[in-house]
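Keep the terms defined as they come up.

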Amino acid sequence: MLLKFSLTFLFLACVFLMGICFENDKKTTKRKVWGEEMKTAQSDKRLTMIGKGREIINWSRNDMGCTSIGGICQSNICICQGRYLKDKCRGEKSRQCCVPAAAWSALCAGSHHNRLRACDSYGCGGFNSRSDGKIHKGIDIVCGDYGIINAPFSGNLGGPVGRAVGDSIQYDGVKLYNKVHCVKIFNLRPYVYFGSVVQGEAMGYLLPLQERFSGITSHLELQMCDGSDPSAFI
């Protein structure tokens, strides 16, 4: 009888100890799983933060073409106190580089400012003005025949430029450009067609208009290379 009781007690003790070990194993396994989940979550969070950081860095690098010239990338539906430049910002085409308007120096030597040509018998000098049924896609700056023309901003000369006059092309201008601006200057005989110039440096002289158009207001003509209005810069 005593032996039977002892065996029963021993069996129950073994069952109890096995139960405790099993419960400990469950808790250990649960802690391991929870720990692995935490590590995975933390790893995912780090990867997300790294990804976002890289995205921000790449975004800013891709915008460097705009920020390096003092501009800011924004939607072109926003007002820009200057002009928008294309292909300098990352993202959709509507996201463009807004460059503040910086006034150009006087083009006609001896003048303290750029004076827009008013209307005369041959037309008007404002942007989008009409003359002989054509729309003027530039602006005219008053200057006397043979007057010295100075560079309105520092940049590079890009060679001769022409325009249609009747049935022919008349090459009577030069292109001036830098990272921000690109303009064609007509009615000008440049000293050179290529090379760099500094703002205010003499570029050439105004071709005589009075010999061909008696009574016209002598002027040079400015046309932005992208067809936009240069009025904000003069």
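A nonpolar core is a set of buried Ala, Val, Leu, Ile, Met, Phe, Trp, Tyr and Cys residues joined through side-chain atoms within 4.5 Å. Buried means under 20% relative accessible area, exposed means over 50%, and partly exposed is in between, with a 1.4 Å probe and protein chains only. This is a predicted model, in which local features need pLDDT of at least 70 and side-chain atom pairs count only at pLDDT 80 or more, while totals for chains, interfaces and linings use all residues. Residues are numbered from 1 along each chain as its sequence is written, and side-chain values use heavy atoms, with hydrogens and water left out.

The largest nonpolar core holds 22 residues, and Leu176, Val183, Ile185, Met203, Leu220 and Leu222 have the most contacts inside it. Two or more residues each come from β6, β9, β10, β13 and β14; strands are DSSP runs of E with at least two residues, and helices are runs of H or I with at least four, numbered from the N terminus. Strand β14 gives the largest share of this core, three residues. Apart from this core lies another, of eight residues, among them Ile69, Cys73, Cys89 and Val99. In soluble globular proteins, nonpolar side chains tend to be buried together.

Not counting residues up to four places away in sequence, Met203 touches Ile149, Asn150, Ala151, Pro152, Leu157, Val174, Leu176, Ile185, Leu188, Pro190, Tyr191 and Val192, where contact means heavy atoms within 4.5 Å. One of these partners, Asn150, is placed in strand β7 and is buried, with a relative accessible area of 14%. Leaving aside neighbours within four places in sequence, the contacts of Asn150 are Ala106, Leu107, Ala109, Gly200, Glu201, Ala202 and Met203.

Next comes the sheet. Six strands make up an open sheet in the order β6-β14-β10-β9-β8-β12, with antiparallel pairing; two strands pair if DSSP finds at least two bridges between them. At the edges are β6 and β12 (194-197), each of which pairs on one side only. From one strand to the next the twist averages 35°, where axes are lines fitted to C-alpha atoms, for helices over the stretch in contact, and angles run from 0 to 180 degrees between N-to-C directions.

Within the sheet, strand β8 (residues 155-165) and strand β9 (residues 168-177) run antiparallel and are joined by eight bridges. Pro160 has Val174 in β9 as its bridge partner. Strands β8 and β12 also pair in the antiparallel sense, over four bridges, and here the bridge partner of Asn156 is Ser196 in β12. Strands of a sheet pair through backbone hydrogen bonds, either parallel or antiparallel.

How many aromatic pairs does a search of the whole structure find? The search finds four. Rings of Phe, Tyr and Trp (its six-membered ring) pair if their centres lie within 6.5 Å; planes under 30 degrees apart count as stacked, over 60 as edge-to-face and the rest as tilted. The ring centres of Trp104 and Phe233 are 5.4 Å apart and the planes are at 15°, so this pair is stacked. Trp104 lies in the loop between β3 (95-100) and β4 (130-131) and Phe233 in the segment after β14 (219-224), so the pair ties together parts that are 129 residues apart in sequence. Trp104 is buried at a relative accessible area of 6%, and Phe233 is buried at 1%.

Tyr146 and Tyr205 form another stacked pair, 6.1 Å centre to centre with 25° between the planes. Tyr146 is in the loop between β6 (139-142) and β7 (148-150) and Tyr205 is in strand β13 (residues 202-206), 59 residues apart, so the pair links distant parts of the chain. Tyr146 is partly exposed at 48% relative accessibility, and Tyr205 is partly exposed at 26%. For Asp87 phi is about 60°; Asp87 is placed in the loop between β2 (82-85) and β3 and is exposed, with a relative accessible area of 80%. For Asn187 phi is near 65°; Asn187 lies in the loop between β10 (182-186) and β11 (188-190) and is buried, with a relative accessible area of 4%.
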